[in-house]
Amino acid sequence: MNKYLQNLLKVPKAVTSETNNRRDFLQKASLGGLALGGIPLGGFIDKPIEETLEYSTQKVNKFSNPSDLKITDLRVVEIVNAPMPCPVIRIDTNQGIYGLGEVRDHASPKYALFLKSRILGENPCNVDRIFKKIKQFGGHSRQAGGVCGVEMALWDLAGKAYNVPAYQLVGGKFRDRVRLYCDTTGSDDPVEYAKRMKARVDQGFTFLKMDFGIQMLKDEDNMVINKGMYDIGQQWSREYGSYGSTAHPFTRIQITDEGIEKIVDYVRQVRDIVGYEIPLAADHFGHFDTNEAIRLGNALEPYRLAYLEDLVPWQYTDKWKQITHAINTPTLTGEDIFLKEEFIKLIDARAIDMIHPDLASSGGILETKKIGDYAEENGIPMMMHFAGTPVSMMANVHCAAATQNFIALEHHSVDIPWWEDLVVGIDKPIVQDGHITVPDRPGLGIELNEDVVKEHMKKGTKYFAPTDEWNTIDSADRLWS
Ligand SMILES: [Mg+2]
């Protein structure tokens with residue numbers, strides 16, 4: 001290959017060195033009597049080809065030199081009320097480009113900060129290498145938040161380094177628009193709730209999810225057995241031994257026929273208002289065991305719900321299998337599972353009809369695609385759970401675009417007016433007619449809107465404050481001897 005072609009194919013210099021080179025060039029040019037700024041550059045005739053190319057391409061976006069890219073920092077900004085707390089991370093590099101990721105909602109940013117010492121100096125384009133290095137520090141549910149947030153940020157960086165959208169790096173896309181389903185704030189009044197759901201349909205959403213369960217029976221007599229032991233209105237209480245912290249099989253709560261009838265009547269009224277043509281899923285039924293789940297599932301059969309979610313915790317493969325085989329409404333779980341192995345168990349056992357990974361818990365973009373692909377090979381579709389800012393949402397969008405058996409992605413923040421304003425660099429509104437158009441910009445395709453982010457930060461925290469205390473590894477990481 002001749003030198004001219006070699007130079008044309010040479011990977012562009014990094015932003016920082018580009019600036020220096022340009023300065024060098026300008027100095028040399030002025031020493032040589034060249035006039036710049038619109039005057040023909042006849043003086044280039046006697047210049048080396050490198051300098052000519054350097055000058056003629058100086059306005060081209062040169063991104064970075066991927067093979068020399070190195071991670072230099074990891075910092076956090078904590079966004080709150082989105083409507084949940086969401087730590088967004090930024091991974092910086094030696095070439096001025098950075099990647100954005102997000103720790104799962106309600107998880108500690110420390111899950112990501114702990115990983116900083118493990119990723120400093122790594123080339124962020126080696127996403128799978130870094131993922132395999134750090135995945136031992138993730139666990140189920142929120143404990144996966146750090147690993148997954150870093151993984152998202154790495155794809156953002158790799159995409160920016162190679163100037164391609166993240167979906168392209170994991171195999172390309174199956175769709176140009178990603179369908180959303182939206183959760184809706186609950187109400188004990190079915191007519192009020194149905195009106196809220198109908199408003200979603202009028203906004204253009206094509207897939208709905210509702211929350212209902214024994215919590216609506218908390219003030220009723222003779223509908224819930226063993227209610228005296230627990231406050232069944234507190235499904236999210238974190239105190240050890242409370243209702244919220246006691247797994248379904250261990251509450252021994254049962255629902256009477258009257259209780260089931262009241263729940264069923266609620267769903268009937270909602271269905272009557274939203275109609276029978278839109279998929280309507282359901283979640284958060286309360287903490288009761290397999291038999292009650294089957295009785296409730298059978299009673300709800302006439303309303304053809306899209307799926308019943310998390311009837312029992314995901315860990316109970318045999319219980320799920322029993323429920324799935326006993327009812328005719330599809331079953332679904334998975335929002336708290338970390339890594340593909342536990343999904344594989346559920347899929348191999350034919351324990352559920354659909355999977356529901358949360359990309360910020362399941363292992364990030366590539367691992368979630370692997371989970372989706374395994375499900376697809378077994379004839380199982382993938383819904384995606386999500387609650388967070390547009391940063392994590394876009395990671396989900398790229399994964400959903402690149403995974404064939406994807407059905408719909410959750411949107412939890414429809415009622416937050418500033419939610420879309422948190423980011424720039426993407427066409428607005430981000431959500432249109434219940435869908436998000438997959439962006440073609442490099443990486444995740446968004447940048448933070450600093451002013452808006454600063455308006456919604458956790459009190460007492462700083463915008464991407466230094467995190468030097470997390471720089472040093474102080475433990476041996478090997479898992480075997
Ligand atoms: Mg759920």
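Helices (H or I, at least four residues) and strands (E, at least two) are DSSP runs, numbered from the N terminus. By this definition, the protein chain has 17 helices and 17 strands. The structure is a predicted model, in which local features need pLDDT of at least 70 and side-chain atom pairs count only at pLDDT 80 or more, while totals for chains, interfaces and linings use all residues. Residues are numbered from 1 along each chain as its sequence is written.

Burial was assigned by counting neighbours: a residue is buried if 20 or more other C-beta atoms lie within 10 Å of its own, exposed if 12 or fewer, and partly exposed in between, with C-beta atoms placed from the backbone. Of the 481 residues in the protein chain, 44% are buried. Two residues are in contact if their C-beta atoms, placed from the backbone, lie within 7 Å. Among contacts in the protein chain with a separation of 6 or more, 73% are made by residues 24 or more positions apart.

Strands of a sheet pair through backbone hydrogen bonds, either parallel or antiparallel. Two strands are taken to pair if DSSP finds at least two bridges between them. An open sheet is formed by three strands in the order S1-S2-S3, with antiparallel pairing. Strand S1 (71-79) and strand S3 (98-102) each have a single partner strand and stand at the edges, so one side of each is left without a neighbour in the sheet. From one strand to the next, the twist averages 20 degrees. Eight bridges connect S1 with strand S2 (residues 86-93) in the antiparallel sense; Arg75, for instance, has Arg90 in S2 as its bridge partner. Across S2 and S3 lies helix H7 (residues 145-162), which runs at about 150 degrees to S3. For such angles, axes are lines fitted to C-alpha atoms, for helices over the stretch in contact, and values run from 0 to 180 degrees between N-to-C directions.

Most residues other than glycine have a negative phi, and most peptide bonds are trans. Pro83 is located in the loop between S1 and S2, and the peptide bond leading from Ala82 to Pro83 is cis, with omega near 5 degrees. His106 occupies the loop between S3 and helix H4 (110-113). With 15 other C-beta atoms within 10 Å, His106 is partly exposed. Apart from neighbours within four places in sequence, His106 contacts Met84, Pro85 and Arg142. Asn163, in the loop between H7 and helix H8 (166-169), has a positive phi of about 60 degrees although it is not a glycine. Asn163 is partly exposed, since 16 other C-beta atoms lie within 10 Å.

Strand S4 (residues 177-183) is joined to S13 by three bridges, and the two run parallel; Cys182 has His411 in S13 as its bridge partner. Strand S12 (residues 382-384) also runs parallel to S13, joined by two bridges, and Met382 is paired with Phe406.

Two packed helices are described by the angle between their axes and the distance between the axes. Helix H13 (residues 340-348) packs against helix H15 (residues 364-377) at an angle of about 15 degrees, with the axes 10 Å apart. H13 is therefore roughly parallel to H15, a class that covers angles under 35 degrees, whereas those over 145 count as roughly antiparallel, 65 to 115 as roughly perpendicular and the rest as oblique. Lys340, Phe343, Ile344 and Ile347 in H13 meet Glu367, Lys370, Ile371, Tyr374 and Ala375 in H15. The contact comprises six nonpolar, no polar and three charged residues, where Ala, Val, Leu, Ile, Met, Phe, Trp, Tyr, Cys and Pro count as nonpolar, Asp, Glu, Lys and Arg as charged, and the others, Gly among them, as polar.

Leu305 lies in the loop between helix H11 (290-299) and strand S9 (308-309). Leu305 is buried, with 20 other C-beta atoms within 10 Å. Excluding residues up to four places away in sequence, Leu305 touches Leu280, Ala281, Ala282, Leu300 and Thr329. Leu305 and Met210 are 95 residues apart in sequence, and their C-alpha atoms are 10.0 Å apart in space.
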